[in-house]
Amino acid sequence: LMAAAQDSFYLGFDFSTQQLKVVAIDGDLNVVHQNHVLFDSELPEFRTQGGVQLHADRLTVTSPVLMWVKALDLLLDKMRRAEFDFSRVRALSGSGQQHGSVYWRRGASETLNQLDPDQSLYQQLQVCVFSVSDSPVWMDSSSSQQCQDLQAAAGGALRLAEITGSRAYERFTGNQIAKLRQNRPEEFQDTERISLVSSFAASLFLGGYAAIDYSDGSGMNLLDIRSRTWSEICLEATAPHLDRLLGAPLPPTSVLGPVSSYFVRRCGFSESCRVVAFTGDNPASLAGMRLQQGDIAVSLGTSDTVFLWIQQPRPALEGHVFCNPVDWQEYMALLCFKNGSLTRERVRNECTGGSWEVFSAALRETPLGNNGNIGFYFDTMEITPPAVGVHRFDPDDTEVSSVSPQVEVRALVEGQFLSRRLHAERLGYSIIPGTRVLATGGASSNKEILQVLSDVFNAPVYTIDLSNSTCLGSAYRALHGLVAESGVSFFDVVKKAPEPRLVATPHPTAQELLAQRVNVLSYFCPVP
Ligand SMILES: Nc1ncnc2c1ncn2[C@@H]1O[C@H](COP(=O)(O)OP(=O)(O)O)[C@@H](O)[C@H]1O
Ligand SMILES: O=C(CO)[C@@H](O)[C@H](O)COP(=O)(O)O
C-alpha cells in the first residue's frame, strides 16, 4: 500500500501576481517537485512590472492574458526537462490571484477543445481567443463609479455585504465586468464566457470552460454566500444575462473532469488524471496551511493578507467573507493590504541597497518600538484603509519628512503589522493566549520580519516547510477532490502532513512598547 501511495502524484498550480508556480506531492504528502516561471524576467516580451501593467490613469491595472498562457507552456517545458513523470499524476488542481478576470471570445470553446498537441498553447490561443487581451487584476482601483452603482442597486453597502460577503470593492470582478460593459461594449458583446484567473487556468487543463468555485466566486460581489448561487440583484445591476457568461458556480471540491487529450498527448498525462476545481490563492493557502479555527494566517505575498476560518458569516463594511475552500458549508474571513511586499521592496531598494540581508540587519539592530518612530507607507492607493501616501511620525506623534534608513525599515515593518492587527481586531478577531499566527508567502522566509510580526501580534508565529502554501494547498485539494464525494473530510486526507514549526515568539515587553502607537494609526483608519 505504501508503494502505491508513493507511486501517485498530485499537482498544485498557482497563477499568482508575479509568477506561475507548481508543487507536486505524492500520496504520502511528500513534496516531489517544485518549479516556477517569473513573469517579468522570464517573459520580458510582455513588459510587466511585478506581473502587471499600470495604466496612465494610475488606477487601471491589468495583466496580459497571453502571458499566463505562455507561462504555462514554459512551466510544463521546465517540468519535462526536469523529467517530471506526468503519467503518475492522478489529479491536479490550482489557484489564481483573486478577482482578476478573463474574457473568452465567441468561438473560443471550440479552439480550446481541439488543441493540437504538436503546438504550444500560446501558438494556438494567441489569435482570436480572448475578446479582452489585458485582464483586469486585483490591484485595479478604477471602478469606483460601478461600485457606487452596485451598492445603490443592492440597497446600500451593508446590504450588499450581507448578500455577497463584502461591500463593493473596485477590484471585485462584478464591478470590473460592469466597467468593461460600459466602456468597451464591442469587446463585451464579443465575449461568450467570463472566467476568474483560477477558472481560466482550470479551463486550459480541461479543454473546456471550468466552473467558478464558491470560494473564489465570493470575491466578485456577485455570489450570494449563503445560498451559493449568483445573486439576481447583483447580476442585473452588473450586466444583462450575466449568468450565461459566468456558468453555474460549483463546490471547490468538485471534480470537473479528466485532463484534456492535449495534455495527455503533449506531456504524457494519464487519461484518467482528474482536474479538481481551481480556487483563489488565499483560499488555497488556507488549505495548504491546514488552518484551524482560532488560528490567524498572515500571507506575505505580493499583497499582505490576514485570514481566518470562521463558521458564521458576519459581513461588515470592511473586510471580506468568502465561502470556505475545503468545507463548503463554512466560511473564511479575509483582509487584503495592497502595500505589502512591493512596498517592502521599494524601501529595501532605497534604504538598504536592494539587499534583504541588510534589510534584516536593520531590523536586528533597531529596538522593538523603534524609539517611538513609526510610519505608514501607502505607495499606491491602499485597500485597507483607503489611504495613499507616506506618513512618518516621531515619538511625539508629529509628522516628519524623513528618518534614518535603519529607522525607516523598522518603521515600515512595525507600521504594516500594526495596521494588519488593528484591522483584524476591529473585525472582532481577537488574539488570545493560544492563538497561533501562521505565516506564509515570499516574505515569510525572512526570520527578522517574522519576529516583528510575532512582537506586534503578541503571539507565536509558525510556518510550514514551504513558503508556498498556495501550491501545496492546491495539491492537497487535488488529492481530497478524488474522495470528497464519498464524504472523506479534508483534514482526514492531510492528517499526515508535517505540523507547522514555531519560528518566533513575542518579546515580553512588545505589547507595552507597541500598543501606544495604535492611536497614530487610528488617525488613518477611521472606523467605516
Ligand atoms: N528574504 C525576503 N525577505 C523579504 N521579502 C522577500 C524575501 N524573499 C522574497 N520576498 C518577497 O516575496 C514576494 C513574492 O512572494 P510570493 O508569495 O511568491 O508572491 P506572489 O505569490 O504574489 O507572486 C516578493 O515580492 C519579495 O518582495
Ligand atoms: O486581492 C487579493 C485578495 O482579496 C489578493 O490577495 C490577490 O489574491 C493577490 O494575491 P497574491 O498574488 O498577493 O498572493
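Modeller: Let us begin with the annotated span. In this predicted model, residues 297–480 are 36% helix and 22% strand, and their end C-alpha atoms lie 21 Å apart. Helices (H or I, at least four residues) and strands (E, at least two) are DSSP runs, numbered from the N terminus.

Biologist: Which name does UniProt list for residues 297–480?

Modeller: The record is an unreviewed entry. Its positions are given in the numbering used here, and annotations may be inferred rather than shown by experiment. For residues 297–480, UniProt lists "domain: Carbohydrate kinase FGGY C-terminal".

Biologist: What conventions apply to the model?

Modeller: Residues are numbered from 1 along each chain as written, chains are lettered from A and ligands numbered from 1 in written order. Local features need pLDDT of at least 70, side-chain atom pairs count only at pLDDT 80 or more, and totals for chains, interfaces and linings use all residues, while side-chain values use heavy atoms, without hydrogens or water.

Biologist: What area is buried between domain 1 and domain 2?

Modeller: By an automatic or database domain assignment, domain 1 comprises 2–140 + 171–217 + 249–282 and domain 2 comprises 290–463 + 498–528. Their centres, taken over C-alpha atoms, are 30 Å apart. Buried area is the accessible area (1.4 Å probe) that two parts lose on being put together, summed over both. Carbon and sulfur atoms give 63% of the total, which is about 1,500 Å².

Biologist: How many salt bridges cross the interface of domain 1 and domain 2?

Modeller: A salt bridge requires a side-chain nitrogen of Lys or Arg within 4 Å of a carboxyl oxygen of Asp or Glu. The structure holds 19 salt bridges. Across this interface, the number found is 0.

Biologist: Which peptide bond is cis, with omega of about -5 degrees?

Modeller: Most peptide bonds are trans. Pro385 lies in the loop between β19 (374–378) and β20 (389–393). The cis bond joins Thr384 and Pro385.

Biologist: What is the phi of Arg290?

Modeller: Arg290 is found in the loop between α15 (281–288) and β15 (296–300). Its phi is positive, in a residue other than glycine, and near 50 degrees.
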